[in-house]
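User: Hey, I'm new to this one. Can you walk me through it?

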Amino acid sequence: ADEMGLGKTIQAIAWLQLHPEYRPAIIVVPASVKLNWAKEIRGWMLRPNFDVLYGTKPYETTEDILIINYDVLYEWRREIRRRKRSVLITDECHYYKDGKAKRTIAIKRISGRIPHFIAISGTPITNRPSEFFNALNILLPDTFENFYKFAYRYCKARRNGFGLDTSGHSNTQELHNILTR
């Protein structure tokens, strides 16, 4: 959760470089930064073996590292699960904030079989904690097991006549302490 420009992408790539035993890996990113990730991998890894996935029709790929954007992930989820992955890196993890969205469903299904998960975001969690529940639930399922408990504790949840408003925040220091521990 470092701020923009501090090198979250390079930190994740460095981790992959230091831990080749945890490959194959998949990196899920917004479409607008997919080629930037490819450029950074070329620049920071020794002999990278990666592929940038395109389109909604999956095809076979054998590379150690796959880069895919959120918009097509749902269509690729079976192919990705078929070839076991050891690491899932998600850039801008607030992209899967909506639990009913296809991209969130795909992330949750894929992450369930992957032992290592790195969620990256430059957006401070204290702005709107509800947007990070899904990532936190994948990272720490025992601590953040239920959205409603999370919402009432950290999002100042309240009924507003249209449903549950979770746009607020509460107990942010406690949340910060849990996450930094």
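This is a predicted model: local features need pLDDT of at least 70, side-chain atom pairs count only at pLDDT 80 or more; totals for chains, interfaces and linings use all residues.

User: Okay, let's begin with the strands. How many residues of strand 3 are buried?

Analyst: Five of its five residues are buried, so to speak a mostly covered strand, running over residues 65-69.

User: Which residues sit on which side?

Analyst: Ile65, Ile67 and Asn69 are on one side of strand 3, with Leu66 and Ile68 on the other, and both faces are covered.

User: What about strand 1 and strand 2, how do they run relative to strand 3?

Analyst: Strand 1 runs parallel to strand 3, and five bridges join them. Strand 2, residues 50-52, also runs parallel to strand 3, with three bridges. For a pair to look at, valine 28 has isoleucine 68 of strand 3 as its bridge partner. Another one is aspartate 51, which stands opposite leucine 66 in strand 3.

User: Switching to helices. Which residues of helix 2 are buried?

Analyst: Lys34, Trp37, Ala38, Glu40 and Ile41. They cover an arc of only 165° around the axis, so they end up on the same side of helix 2.

User: And what's on the other side of helix 2?

Analyst: Leu35, Lys39, Arg42 and Gly43 are there, and they are exposed.

User: What does the buried side of helix 2 pack against?

Analyst: The buried residues of helix 2 pack against helix 1, strand 1, strand 2, strand 3, strand 4 and strand 5. Take glutamate 40: at 17% relative accessibility it counts as buried. Leaving out residues up to four places away in sequence, glutamate 40 touches Thr9, Ile10 and Ile13.

User: Which residues of helix 4 are buried?

Analyst: In helix 4, residues 102-111, the buried ones are Thr104, Ala106, Ile107, Ile110 and Ser111. Seen down the helix axis they fall within an arc of 160°, so they line one face of helix 4. Those buried residues pack against strand 1, helix 3, strand 4 and helix 5.

User: New topic: how many salt bridges does the count come to?

Analyst: Seven. One of them joins the side chains of arginine 82 and glutamate 79, at 2.7 Å from N to O. These two are three residues apart in helix 3, so about one helical turn separates them. Glutamate 79 counts as buried at 18% relative accessibility, while arginine 82 is partly exposed at 49%. Glu79 and Arg82 are also linked with Glu60 in a network of salt bridges.

User: What about glutamate 131 and lysine 97?

Analyst: Their side chains meet in a salt bridge too, at 3.6 Å from N to O. Glutamate 131 lies in the loop between strand 5 and helix 5, and lysine 97 in the loop between strand 4 and helix 4, so the pair ties together parts that are 34 residues apart in sequence. Glutamate 131 is buried, with a relative accessible area of 16%, and lysine 97 is partly exposed, at 43%.

User: Which way does phi go at lysine 156, positive or negative?

Analyst: Positive: phi of lysine 156 is near 50°. Lysine 156 sits in the loop between helix 6 and strand 6 and is exposed, with a relative accessible area of 56%. Asparagine 171 has a positive phi as well, near 55°. Asparagine 171 is in the loop between strand 7 and helix 7, and is partly exposed at 33% relative accessible area.

Key: Residues are numbered from 1 along each chain as its sequence is written. Side-chain values use heavy atoms; hydrogens and water are left out. Buried means under 20% relative accessible area, exposed over 50%, partly exposed in between (1.4 Å probe, protein chains only). Helices (H or I, at least four residues) and strands (E, at least two) are DSSP runs, numbered from the N terminus. The arc is that of the directions from the helix axis to the C-beta atoms. Contact means heavy atoms within 4.5 Å. Two strands pair if DSSP finds at least two bridges between them. A salt bridge is a side-chain nitrogen of Lys or Arg within 4 Å of a carboxyl oxygen of Asp or Glu.
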